[in-house]
Amino acid sequence: MSWAEEDWTVGLSGRVLQKVKELQVLKERLSRENKQKQLQLDNTQTSLEKQTAKVNTAVLIYSLRLLLPGPVSM
């Protein structure tokens, strides 16, 4: 990673260094998974907003048809 990382690991045993490396790899994997899940969440939110807008439009059209005589189209 960076020079600062190397400074704090100086003098650690091989076993501890291996565990540090494993934890760094795990952190990177979890970070990637988090980004992927956030993207999925963002996409789901966008889809929900589009569906909500469609439903709101349909409700508005239905309401206008009840209130106004004659055809209503959008």
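This briefing covers the fold, surface and side-chain contacts of one protein chain.

The model is predicted, so local features need pLDDT of at least 70 and side-chain atom pairs count only at pLDDT 80 or more, while totals for chains, interfaces and linings use all residues. Residues are numbered from 1 along each chain as its sequence is written, and side-chain values use heavy atoms, with hydrogens and water left out. The protein chain has two helices and zero strands. Of its 74 residues, 8% count as buried, and the structure holds two salt bridges.

**Helices and the annotated region**

- Helices (H or I, at least four residues) and strands (E, at least two) are DSSP runs, numbered from the N terminus.
- Helix α2 covers residues 14–67.
- An unreviewed UniProt entry lists residues 20–54 as "coiled-coil region"; UniProt positions are given in the numbering used here, feature names are shortened, and annotations may be inferred rather than shown by experiment.
- Residues 20–54 are 100% helix and 0% strand in the model, and the C-alpha atoms at the ends of this stretch are 51 Å apart.

**Salt bridges**

- A salt bridge here is a side-chain nitrogen of Lys or Arg within 4 Å of a carboxyl oxygen of Asp or Glu.
- Lysine 19 and glutamate 22 form a salt bridge, with 3.9 Å between the closest N and O atoms.
- These two residues are three apart in helix α2, so about one helical turn separates them.
- Lysine 19 has 47% relative accessibility and counts as partly exposed; glutamate 22 is also partly exposed, at 40%.
- Arginine 29 and glutamate 33 form a salt bridge, with 2.6 Å between the closest N and O atoms.
- Arginine 29 and glutamate 33 are four residues apart in helix α2, so they too are separated by about one helical turn.
- Arginine 29 is partly exposed at 37% relative accessibility, as is glutamate 33 at 29%.

**Surface**

- Buried means under 20% relative accessible area, exposed over 50%, and partly exposed in between (1.4 Å probe, protein chains only).
- The protein chain exposes about 6,800 Å², of which carbon and sulfur atoms supply 61%; accessible areas come from the Shrake-Rupley method with a 1.4 Å probe, and for residues only the protein chains shown count as cover.
- Trp8, Leu12, Val16 and Leu17 make a nonpolar surface patch of about 330 Å².
- Patches are made of residues with over 30% relative accessible area and no salt bridge; nonpolar side chains (Val, Leu, Ile, Met, Phe, Trp, Tyr) are joined within 5 Å, and like charges within 9 Å.
- Leucine 17 lies in helix α2 and is partly exposed, with a relative accessible area of 34%.
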